[in-house]
Amino acid sequence: MQIEKTNNQYEEFLLSPGQLVEDGNLSRFLCSNLKELYCLMAEKKSDPGENIFIGAHPISMNRTNIDNIIKDDFLVCEKTDGIRYFLLILNNGKAFLHGRNLVKSKDNQFKQELQFFSANLKLPVNFNETGAELKIKYIFDGELILDSYENKTLIKFLIFDTIIFEYTRTFGRDYYDRLEASRRFLSFLKMSKRMIKSNQNIAVKYLPLENESHKIKLSLKDFFLKEDCEFLFNDYFNKLPHKQDGLIFTKNQTPYKPGRNDDILKWKDASQQTIDFLLINNQKFNNPKNYEGQFANKILDLYLIGYNKEFNTSERVLFDFMLVDEEKYNFVSQEIEKLQSNSDAAVCGIIAECKFNKNLDNSFLKNIYYASPAKFTEILLKSGIFRQGDSQKYMQVFEENMQYYVSSKFRGGWEIYGWRHDKSDPNAFDTGLSIMNGIRDPIDKQDLISMTRKIPGEHPQKKKKV
């Protein structure tokens, strides 16, 4: 049974885009630099302790926060359906990609380690500096994508932010300035190519590419003014050689901040809204004492990550559930077993991108629920984890989700859209809740165009990139 979206040699490469760095000294160097950046960007005085992905995460657009886009200076770009990575370029010309998929430490199952992949990029290096102290010269935030044309497929790294530019930290600057730094870097690459080609005696050369790995092409993502949404929908999207599934709005006058960022909003059509859940097999319903096997091998618990700011801890919390047939349940079990066999730490579930189908018929669930509503909810809650300081909030949201099913007469439910092998954690609880609110009260394409259009009724002309 195949639930995943398309999967070929190129898309497999996106998940493992180069040789995994196994040099302990190099890994520690890269990791310590990212930790230092995290403390500076998050304005924390001490080491965060655990290893984390320090990227900024957009929040979902809803009726509450869309006013921020209307009143402030925002840029807009496509929401590319790629895989998120940081690109780190060192002064010795070597480049590495670091993504969100953290792995459990072999020495400590409760500790996560950062992964770094060598990037097969054609970058100029000054051989007069190769013996100098190792330093990070550039860090860009972006995503690996596949550009498909008639006769070929290109693997691109689309840059959409600059963290370090020529050894200088740029994350505190306005977004326009950070994008301009990316443009300057790409212009430098073009100029270097011409210089190296025309003068064989200069000290700047290229390191050899890896023949056994796909070459990665660097490019800057296209950005537009927020008033250009109609142009993006009606013209720009049709010409893209890769997948996109919405829009990203980024406020100009805001620094780069790791984690959930209220100044970066993502819009997706209601039919494309998804939440990344941790899927765990529900064992309570496998007990014949509960429902005499009626739900055996049919309930998947859907978990998100809850954060306790008071104690600076995180833990998975139950958000909702999914009713599946036995074939899908067994398929999920097999996928979890595969992860367990390839990990030194305990694996309880698998990350999946899930869609809410409002037309899904849950009449089977309806009959069972109305036979004993309290008992059904009680058993679901028994399998949940609500030990965080905000446990009452988590339980309240879960019960509200149950009431939504009741009010909709059990019309609607979650479905698996694809696996997220590039992530080691599900969405944060607040992120999932925001997406869920957007699903129930969506902002459609025409609403968005009307709200962002500068002059009502203006016909969109060819727009200039920012």
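Among contacts in the chain between residues at least 6 apart in sequence, what percentage join residues at least 24 apart? It's 76%, and the views below pick out a few places in this predicted model.

**View 1. The whole chain, before we zoom in.** There are 466 residues here, and buried ones make up 50% of them. Going through the chain, you can count twelve helices and 21 strands.

**View 2. Strand 16 and its two neighbours.** On one side, strand 16 (residues 259–267) runs parallel to strand 1 (residues 56–60), and five bridges join the two. Look for H57, which stands opposite R260 in strand 16. Strand 15 (residues 244–251) also pairs with strand 16, but in the antiparallel sense, over four bridges. There, L247 sits opposite W267 of strand 16.

View 3. Strand 2 (residues 74–80) and strand 15 run antiparallel, joined by six bridges.

**View 4. Strand 3, a mostly covered strand.** Is strand 3 (residues 83–90) mostly covered or mostly uncovered? Mostly covered: eight of its eight residues are buried. I83, Y85, L87 and I89 point one way, R84, F86, L88 and L90 point the other way, and all are buried.

**View 5. The partners of strand 3.** Strand 9 (residues 136–148) runs antiparallel to strand 3, with eight bridges joining them. In that pairing, R84 stands opposite E143 of strand 9. Strand 4 (residues 95–99) is antiparallel to strand 3 as well, and this time five bridges do the joining. Here the bridge partner of Y85 is G99 in strand 4. Strand 3 and strand 4 form a hairpin, with four residues between them. Check out G93 in the turn, which has a positive phi of about 90°.

**View 6. Helix 10 packed with helix 11.** When two helices pack, we describe them by the angle between their axes and the distance between the axes. Helix 10 (residues 391–407) and helix 11 (residues 429–440) pack at an angle of about 25°, and their axes are 12 Å apart. Angles under 35 degrees count as roughly parallel, so that's the label for helix 10 and helix 11. Helix 10 passes helix 11 in a left-handed crossing. Helix 10 brings K393, Y394, V397, N401 and Y404 to the contact, while helix 11 brings F429, D430, L433, M436 and R440. Sort the contact residues by class and you get six nonpolar, one polar and three charged.

**View 7. G438, a glycine in helix 11.** Stay with helix 11 and you'll find G438 there. Is G438 buried or exposed? G438 has a relative accessible area of 4%, so it's buried. Along the chain, G438 and D269 are 169 residues apart, yet their C-alpha atoms are separated by 9.5 Å.

How values were computed:
Residues numbered from 1 in each chain as written. Predicted model: local features only at pLDDT ≥ 70, side-chain atom pairs only at ≥ 80, totals over all residues. Heavy atoms only, no water. Axes fitted to C-alpha atoms, helices over the stretch in contact; angles between N-to-C directions. Parallel < 35°, antiparallel > 145°, perpendicular 65-115°, else oblique. Left-handed = near helix turned anticlockwise from the far one by under 90°. Contact = heavy atoms within 4.5 Å. Nonpolar A, V, L, I, M, F, W, Y, C, P; charged D, E, K, R; others polar. Pairing = 2+ DSSP bridges. Buried < 20%, exposed > 50% of the residue type's maximum accessible area, 1.4 Å probe, protein only.
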